[in-house]
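Please look over the model shown below, together with its sequence, before reading the briefing. The points that follow are grouped by topic.

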Amino acid sequence: MSKVQKTVVKKSHKFVIDCTAPAGKIVDVAAFEKYLHDRIKVDNKVGNLGSNVIISKDKSKIIINTTIPFSKRYLKYLTKKFLKFKQIRDFLRVVATTKNTYELRYFNIGDSESQE
């Protein structure tokens, strides 16, 4: 009998957090990248990214590449936590634009006042 070998293919995920709208005004993209790097947990340990999670910055976008199962919702949680930490959560919201992309947008305050 011949032995059957299982080939394990590592599935990679790419997530993008787009900070284009508030980038230079109130959100420091470099500080946000460092915040994610310091706070993302892998195997219930902070700072255990290794080669499984790669965080990079491209102008005003944060790109997270993972080779392990990773939740997009966890990125939204960390983004909202960062906004609260910088005390700008009242002005920005996190919106899913595509399957693997979040975008920071301003709240539409002017539209709600004109409707009344």
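Is Asp-38 buried, exposed or partly exposed? With a relative accessible area of 35%, Asp-38 is partly exposed, where buried means under 20% relative accessible area, exposed over 50% and partly exposed in between, for a 1.4 Å probe and protein chains only.

This is a predicted model, in which local features need pLDDT of at least 70 and side-chain atom pairs count only at pLDDT 80 or more, while totals for chains, interfaces and linings use all residues. Residues are numbered from 1 along each chain as its sequence is written, and side-chain values use heavy atoms, with hydrogens and water left out.

**Overall composition**

- The protein chain holds three helices and seven strands, helices (H or I, at least four residues) and strands (E, at least two) being DSSP runs numbered from the N terminus.
- Read from the N terminus on, the order of the elements is β-α-β-β-β-β-α-β-β-α.
- The chain has 116 residues, of which 32% count as buried.
- Among contacts with a separation of 6 or more, 57% are accounted for by residues 24 or more positions apart, a contact meaning heavy atoms within 4.5 Å.

- Five strands make up an open sheet of mixed pairing, in the order 4-5-1-7-6, and two strands are taken to pair if DSSP finds at least two bridges between them.
- Strand 4 (53-58) and strand 6 (92-98) stand at the edges with a single partner strand each, so one side of each is left without a neighbour in the sheet.
- On average, neighbouring strands of this sheet are turned by 20 degrees against each other, direction ignored; axes are lines fitted to C-alpha atoms, for helices over the stretch in contact, and angles run from 0 to 180 degrees between N-to-C directions.
- Strand 1 (residues 13-18) runs parallel to strand 7 (residues 101-106), to which three bridges join it; Val-16 stands opposite Thr-101 in strand 7, and Asp-18 stands opposite Glu-103 in strand 7.
- Strand 1 also pairs with strand 5, in the antiparallel sense and over six bridges, and here Ile-17 stands opposite Ile-62 in strand 5.

**Helices on the sheet**

- Helix 1 (residues 29-39) lies across strand 1, strand 4 and strand 5 (61-66), and runs at about 175 degrees to strand 4.
- Helix 2 (residues 72-85) lies across strand 1, strand 5, strand 6 and strand 7, and runs at about 155 degrees to strand 6.
- In helix 1 the buried residues are Val-29, Phe-32, Tyr-35 and Leu-36; seen down the helix axis they fall within an arc of 115 degrees, so they line one face of helix 1, the arc being that of the directions from the helix axis to the C-beta atoms.
- These buried residues of helix 1 pack against strand 1, strand 4, strand 5 and helix 2.

**Two residues in their surroundings**

- Tyr-35, in helix 1, is buried with a relative accessible area of 7%, and touches Leu-78, Lys-81, Phe-82 and Phe-85 when residues up to four places away in sequence are not counted.
- Although Tyr-35 and Thr-79 are 44 residues apart in sequence, they are 9.2 Å apart in space, C-alpha to C-alpha.
- Ala-21 is found in the loop between strand 1 and helix 1, counts as partly exposed at 33% relative accessibility, and touches Leu-104 and Tyr-106, again not counting residues up to four places away in sequence.

**Salt bridges**

- A search of the whole structure finds two salt bridges, each defined as a side-chain nitrogen of Lys or Arg within 4 Å of a carboxyl oxygen of Asp or Glu.
- Asp-38 forms a salt bridge with Lys-34, their closest N and O atoms being 2.8 Å apart; the two lie four residues apart in helix 1 and are thus separated by about one helical turn, and Lys-34 counts as exposed at 51% relative accessibility.
- Arg-105 forms a salt bridge with Glu-103, with the closest N and O atoms 3.6 Å apart; Arg-105 is partly exposed at a relative accessible area of 31%, and Glu-103 is partly exposed at 21%.
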